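Take a look at the model first, then work through the steps.

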Amino acid sequence: MEFSQSNTADKTASSIGRKPCSVTCTTLSRRSRLSLGLTALALLVLIPGCNYVVLLGYLIGGPPQLEPLFEKETGKSFTDKDVRVAVVCYAPDELKYQFDNIDHVLSKSISMHLAQKGKVDVVRPDKVRTWLEENRDWDTPVEVGAAFDVRYVVYIDLADFSLYERDSVNLFRGRCEAIVSVYEMKADGTGRPIFSRDLNSAYPTQVPRSASEVSYDTFRMEYFIRLSDEIGRMFYPSFNGDDIGYAT
């Protein structure tokens, strides 16, 4: 019945000299473009001192996408064909005493961000964790890469991590200092570092959060999400303004 009704509508449309879909869609498309153009022109008049060309492009084409640092510096991509990635995080004992399993928690969170937001083929973090626990004498990320037959190993070397504002127990501000490196593996099981970036992270970026407004566990979770995305954006595209929500 539905198929018959559709044919009838097409014939009716043909009998009066118009196409049932293409003209309508084109008209709507033109109207949409006209609406966007008028909106852009109105804002150009109302907002003084702005870059008119940038604003017009933003309104019509969307926010400008930022190229990942890794791709910009190496010309390589985690989403290339047949690329698989492993994530490893190292934390010194003093940090693990303060923040239980911080290395594994961060590795898992970064892996999830790469997989979900970056569409990267990532080794399951629980498998990496099991291998690390069974091979406690591992020395370099290359050993991990060889064990899982991956193309790249993301290695996060944590130097410092905290959740409180300096000299305060009533204000939260997450901080992390680390070196983020990428090792490229070869078919023979050897590898070499091809990317390295110092990370100095702070969240919120502008003002700390009061401990009376949010619980310790909630803030801790929020910061791990923020930190994982901050690291992940070295490898997948992001947009100008993505950090606005992390200011407070």
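**Exercise 1.** Which residue in β3 does Cys89 stand opposite?

*Solution.* This is a predicted model, where local features need pLDDT of at least 70, side-chain atom pairs count only at pLDDT 80 or more, and totals for chains, interfaces and linings use all residues. Residues are numbered from 1 along each chain as its sequence is written, and side-chain values use heavy atoms, with hydrogens and water left out.

Step 1: find the strands, which are DSSP runs of E with at least two residues, numbered from the N terminus, just as helices are runs of H or I with at least four. Step 2: β2 and β3 (residues 152-164) run parallel, joined by six bridges; strands pair if DSSP finds at least two bridges between them. Step 3: Cys89 faces Ile156 in β3.

**Exercise 2.** Follow β3 onward to its next partner.

*Solution.* Step 1: β4 (residues 171-185) pairs with β3 in the antiparallel sense over 11 bridges. Step 2: Ser162 has Arg175 in β4 as its bridge partner. Step 3: the two strands form a hairpin with six residues between them, and Asp167 in the turn has a positive phi of about 60°.

**Exercise 3.** Which element gives the most to the lining of the largest pocket?

*Solution.* Step 1: list the lining, which includes Cys89, Tyr90, Asp103, Arg129 and Trp138. Step 2: β2 (85-90), α6 (102-116) and α7 (125-134) each give two or more residues. Step 3: α7 gives the most, with three residues.

A pocket here is an open set of points on a 1 Å grid over the protein atoms alone where a 1.4 Å probe fits, with protein on both sides within 12 Å along at least five of seven lines; lining residues have an atom within 4 Å of a point.
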